[in-house]
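Take a look at the protein below. Turn it around slowly before you read on. Then follow the text one step at a time.

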Amino acid sequence: MIANKKTAATPTSSSDLEELPTELLLQIANSMLNPAERTRLSSCSQRLQKLLPQYLRVKILCSRDDDGGAIQQDLFVSCAKSSSFDQFLTSSENLRYGQEYYFWSFDYQRGNKAFLGRHTRHAHEPSDANHHSDGGGRLQYLYTIGLRPCTPNQTWKVVGGTDGDMVMWGEEIALTVGGLNPKPRQPDSNQRGTLCCMPKMANGPVWIVLDSHHNTSGDSGSGSCGSDDTNNSIRGGESSKLKLMPCNQYSPSPKTPEKELIVHAIPRVCDEGEYLLHSPCSTMHGSIHSDGFHVIVDFTFWIHKGIMYFGSPVLPFSLGIPILETDILDNGACPLANLLNIKSARWGCVIYYMAVAADVGEGKNLNMQRFLQRVTEHRDHQVIVNESKDLVYINVLHKRVKTMADPIPRNDDALWRFILSW
């Protein structure tokens, strides 16, 4: 009997690659390789160098030389109007005013593209009319910025010039960002905001997006904003004056502190960028983190016979919230997202439970009487406390519980996380 011989795998040579059809090479390079692998492939032959030109990589900098800053990541640029976000600008191309783009980096740790955009929303009372005022001295909102993994939900525009004209490297511009969501105040809202680099604080300049306070388009789904983009840049004042530089022309300087952006986990529920709910699997593609004033509450979540249970380890009781027969649950969607979408008072009870857990976690005393009073402010809510007083259940009068709702087993080791920002 002759034993089968195991043949060693033969590494692919550049001559093998030369024989592959062009369409297959492009498919491999654009959908299967990360930017570093694509660069190495491009260097294998002259044919591949022509087929796979180098991606454009840009730096976003403040135009002020005395107290400015830069975003640390090198950002690739993709055309937002293409059928996919894989139509990249190459190193020989420039951006153009008024066109929509995605700015993105590559997260080599997790193997994902990560797209620049607004993250959490924070209230802000303007103190300097030249930098922040909305014209009436009213409270306005700022958004932190970060990187969203895998898929983009916001586009960027360069403003400050004539639409269609080429953006010259190093010239003074402004950048606006917006999404397609018609709901105001959401990070991916079609209300466009302006990227600003605020003057140096204790830890260096602060990068934020200034809320526009305006509906950005006549049609809620287009994401286009017309003249509001210019209004937004004026609203941002000196802080909104930026410039773009290709990375091969950028020289780091101690006078230009760089802001490192975080790849943020995508929340299961996002309430106007102020309240973010993350499931245990959220961290697969990003970190649960926020700049600005915020607190993160860990809790256990499970569903049993149509009741959603929330258990914070710092509180002596769990909260029970019913899923109702009238609730419409999208397949695979988090039931809590439905409460937000229908503006249910039950979502307000969840937020208040998390806020109380945050206070107790920071050393404040639990006022149980006040908690019970607050969660019964809605006329249809009835509070039921079990005999052992370790469960507060919100009964919704005249409504039936959807007992056949998909269950989620209790697992005290699988923590959910709730971000409250202000």
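The paragraphs below go from the whole chain to its parts.

This is a predicted model. The protein chain has eight helices and 20 strands. It has 422 residues, and 48% of them count as buried. Now consider contacts between residues at least 6 apart in sequence. Of these, 67% join residues at least 24 apart. The accessible surface comes to about 21500 Å². Carbon and sulfur atoms account for 50% of that surface.

Start with a helix. Helix H3 covers residues 35-42. Which of its residues are buried? They are Pro35, Arg38, Leu41 and Ser42. Seen down the axis of H3, these buried residues fall within an arc of 120°, so they line one face of the helix. Look also at the N-terminal end of H3, which is capped by asparagine 34. A side-chain oxygen of asparagine 34 lies 3.0 Å from the backbone nitrogen of alanine 36.

Next, find strand S4, residues 100-107. Eight of its eight residues are buried, so S4 is largely enclosed by the rest of the structure. In a regular strand, side chains alternate between the two faces of the sheet. You can follow this along S4. Glu100, Tyr102, Trp104 and Phe106 point one way. Tyr101, Phe103, Ser105 and Asp107 point the other way.

S4 also has partners. Strands of a sheet pair through backbone hydrogen bonds, either parallel or antiparallel. Strand S3 (residues 75-79) pairs with S4 in the antiparallel sense, over four bridges. Here cysteine 79 stands opposite tyrosine 101 in S4. Strand S7 (residues 155-159) runs antiparallel to S4 and is joined to it by two bridges. In this pair, glutamate 100 stands opposite lysine 157 in S7.

Asparagine 112 is found in strand S5, residues 112-124. Is asparagine 112 buried or exposed? It counts as buried, because its relative accessibility is 10% and the cut-off for buried is under 20%. Leaving aside neighbours within four places in sequence, asparagine 112 is in contact with Ser105, Phe106, Asp107, Pro149, Cys150 and His285. With histidine 285 there is a polar contact between the two side chains, at 3.2 Å.

Now move to an open sheet of eight strands. Their order is S13-S14-S20-S15-S16-S17-S19-S18, and the pairing is mixed. Strands S13 (269-271) and S18 stand at the edges, each with a single partner strand, so one side of each is left without a neighbour in the sheet. On average, neighbouring strands of this sheet are turned by 25° against each other, direction ignored.

Look at two pairs within this sheet. Strand S15 (residues 294-304) and strand S16 (residues 307-311) pair in the antiparallel sense over five bridges. Valine 385 stands opposite valine 392 in S19. S18 and S19 form a hairpin with five residues between them.

A helix goes with this sheet. Helix H7 (residues 345-361) lies across S13, S14, S15, S16, S17, S18, S19 and S20. It runs at about 170° to S17.

Now check some backbone angles. Most residues other than glycine have a negative phi. Lysine 389, in the turn of the S18-S19 hairpin, has a positive phi of about 60°. Glutamate 272 has a positive phi of about 55°, although it is not a glycine. Where is glutamate 272 placed? It sits in the loop between S13 and S14. Histidine 398 has a positive phi of about 65° and is not a glycine either. Histidine 398 lies in the loop between S19 and S20. At 78% relative accessibility, histidine 398 counts as exposed.

Finish in the loop between S13 and S14, at glutamate 274. This residue is buried, with a relative accessible area of 17%. Which residues does glutamate 274 touch, not counting those up to four places away in sequence? They are Arg121, Ile419, Leu420 and Ser421. Glutamate 274 and glutamine 186 are 88 residues apart along the chain. Their C-alpha atoms are separated by 8.8 Å.

Note on methods. Residues numbered from 1 in each chain as written. Predicted model: local features only at pLDDT ≥ 70, side-chain atom pairs only at ≥ 80, totals over all residues. Heavy atoms only, no water. Buried < 20%, exposed > 50% of the residue type's maximum accessible area, 1.4 Å probe, protein only. Contact = heavy atoms within 4.5 Å. Areas by Shrake-Rupley, 256 points an atom, 1.4 Å probe, with all protein chains shown as cover. Arc of directions from axis to C-beta. Polar contact = N/O pair within 3.5 Å; in protein donor to acceptor, adjacent residues only side chain to side chain. Pairing = 2+ DSSP bridges. Axes fitted to C-alpha atoms, helices over the stretch in contact; angles between N-to-C directions.
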